[in-house]
Amino acid sequence: MVNAVWPGTAYPLGATYDGAGTNFSLFSEVAEKVELCLIAKDGSEERITLDEVDGYVWHAYLPTVTPGQRYGFRVHGPWDPASGHRCDPSKLLLDPYGKSFHGDFDFSQALFSYDLDAEDPEIPGHPPGVDSLGHTMTSVVINPFFNWGSDRAPHTPYHETVIYEAHVKGMTELHPGIPEEQRGTYAGLAHPVIIDHLKSLNVTAIELMPVHQFLHDHRLLDLGLRNYWGYNTFGFLAPHYQYAANQHAGGAVAEFKAMVRSFHDAGIEVILDVVYNHTAEGNHLGPTINFRGIDNAAYYRLLDGQPQFYKDFTGTGNSLNARHPHTLQLIMDSLRYWVLDMHVDGFRFDLASTLAREFYDVDRLSAFFDLVQQDPVISQVKLIAEPWDIGEGGYQVGNFPGLWTEWNGKYRDTVRDYWRGEPATLGEFASRLTGSSDLYEATGRRPSASINFVTCHDGFTLNDLVSYNEKHNDANGEDNRDGESHNRSWNCGVEGPTDDPEILDLRHRQMRNILGTLMLSQGTPMISHGDEIGRTQGGNNNAYCQDSEIAWIDWSMCETNADLLNFTRKVVALRKNHPVFRRRRFFDGTPIRTAEQERDIAWLTPAGTEMTPEDWGSGFGKSIAVFLNGDAIPEPNSRGERVTDDSFLLCFNAHDEELDFVLPAEGYAEQWTTALDTADPGGHNDLVAAAGEKISLRPRSLLVLQKTS
């Protein structure tokens, strides 16, 4: 029983333990009364009315409340869906600023503010009034104090960054080197066997799929599935507690911090995939968890003229109202918390175009981007946009402001098309290989603004990209209707698994081609977890609900596909060791060649002659060579010193037949040796060739030659 209630303060929002007691604070403009509910171990509650209100923020300080205390709120106010208001005090509401949660949802009538048995739930009546205590999760007061020791952010420059997209559980659930109790957890991800694997790949940043507290959809649970990917969040300041080996109240917070500290000790940055575009409450028929019952009209975009319904730019049922100052404050407070308190190094924003929407339009100068631009904390970390949503005008690749980098969907599509032999791709392929200046240079950005990827969590794995023409999502329970149908994939002649050695050889060569292209392109490369060992999902290109061996990494493939793993290590090391593959500025490309200025890049036909406009326009052309001049890198290093490197000739043959390439004669090199050859499982050969010599490239292969004299 609480025996003292002090006024407390309106800020910071949420529950803040200061070493003696806890301040509680909740924003609601629509509320008429707010009750803080302290939940005892036996499930009973003590309600405390928050009498102090400043600027629509309700608050109190409880000097006897310490970490581990479970709590929630009840908000009394109008139930008027036709006006956009859905206050329902029978619902124990989770704290939007909660830093830890516990328990689970049972999706009974208690979670819903309408009668589940109503003939027409579209017509909202009065809430049934079933109390949700005992049927919902609870918020938990955490201990914010942690011994970070000498932790320091790596601050890896973008042009030196190699990103590895990963799933906490999928990376660790089947790893035999991780203790069973740590598999699927933050502690498991920080285990030395995982960190050593990433270090062997020269990865500099791990990008974690959503770790904000999320909800498993009722529909999926009924099907025996789960929201594996986690793009269904409701707790923007809390690490998902089911990913913690230590799941006692607040244990996930300390475990997450320890994980970040371990990655930083290894020189690896931690980037979070964050979902601020919608919440887990879904549309008007979804459960009442927190935002809906606290201040529905403030937190959500409501349909013009019909505010009982939600605008949906995300395909999930609702869109967060980033135009409202308190919603913007929540997003910014969340971002700062993860940087300052949890020490993460950056963010990838899911469906970022939704955050940019002012009314119906995508406005890259919206309030959210203005706030990020001037924020002294957030503006200094890595900011990556997924530059699209499903709304009108939502595809915004190349249109984000100067601080931002972007997942380059055009890079993905072009590289896939090129290597599967689509016609008329040479010009586009050249643009993507050299950093996509057509997309980013006009906004003052560098090649690193292009996050280059060919596969990611959403879609085929690399192995499946070269093994399937069609998606095979039957396990998802939607009769294979879900997932993208246009994958730009090619099965190399047989759909799915095969014992044909020629097809298997071609598939592995194609995987090496794609990985080689990815790592030798200007920009910031991103590998999807498990692609380096040929992970497969059996043709499932939408494994969002597959918390199973379909989506988890099978680490035995490190041995099965040891050649692919070693090739990946080799090509990433080639990028790391040679700045010509990771320039900070775009190529000049000028034809001038004088004593004062050497050309930095040249495009050549297989005959060894420079490409002409006719060559670029050739619809059937699938082969090209590119000369990268290591003596013509204009930008200095971090100490202002001139950067010089070896010169390279990249020979691409996407034809289905062997092709001869003539090594350029005058002004390039007298002799070349092989740095990388995707025709060989190990990525090497012993070729030494002279200028003017004719060399043969296998069908669909990439040969990288290094100047030796």
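Before you click: residues are numbered from 1 along each chain as its sequence is written, and side-chain values use heavy atoms, with hydrogens and water left out. Since the model is predicted, local features need pLDDT of at least 70 and side-chain atom pairs count only at pLDDT 80 or more, while totals for chains, interfaces and linings use all residues.

**Stop 1: domains.** Colour the chain by domain: domain 1 is 14-141, domain 2 is 161-277 + 311-580, and domain 3 is 589-707. These bounds come from an automatic or database domain assignment. The C-alpha centres of domain 1 and domain 3 are 64 Å apart.

**Stop 2: a sheet.** Select the strands β1, β2, β6 and β5, in that order: they make an open, antiparallel sheet. Strands here (E, at least two residues) and helices (H or I, at least four) are DSSP runs numbered from the N terminus. At the edges sit β1 (14-17) and β5 (52-54), each pairing on one side only. Two strands count as paired if DSSP finds at least two bridges between them; β5 and β6 (residues 57-62) have three. Zoom in on Glu-52 and you'll find its bridge partner in β6, His-59.

**Stop 3: Ser-139.** Go to strand β11 (residues 138-140), where Ser-139 sits. Its relative accessibility is 0%, so Ser-139 counts as buried (buried is under 20% relative accessible area, exposed over 50%, partly exposed in between; 1.4 Å probe, protein chains only). Show its contacts (heavy atoms within 4.5 Å): leaving out residues up to four places away in sequence, Ser-139 touches Gln-69, Arg-70, Tyr-71, Leu-94, Asp-95, Ser-100 and Phe-101. A polar atom of the Ser-139 side chain lies 3.0 Å from the backbone nitrogen of Asp-95.

**Stop 4: His-264.** Next, pick helix α5 (residues 251-265) and find His-264. It counts as buried because its relative accessibility is 7%. The His-264 side chain makes a polar contact with the side chain of Asp-151 at 3.0 Å. That term means a pair of N or O atoms within 3.5 Å; within protein, one must be able to donate a hydrogen and the other to accept it, and residues adjacent in sequence count only if both atoms are side-chain atoms.

**Stop 5: helix α13.** Finish on residues 501-520, a helix of 20 residues that reaches 28 Å from first C-alpha to last, close to the expected 28 Å (1.5 Å times one less than its number of residues). Of the 20 residues of α13, 15 are buried, so it is largely enclosed by the rest of the structure. At its start, a side-chain oxygen of Asp-500 comes within 2.9 Å of the backbone nitrogen of Glu-502.
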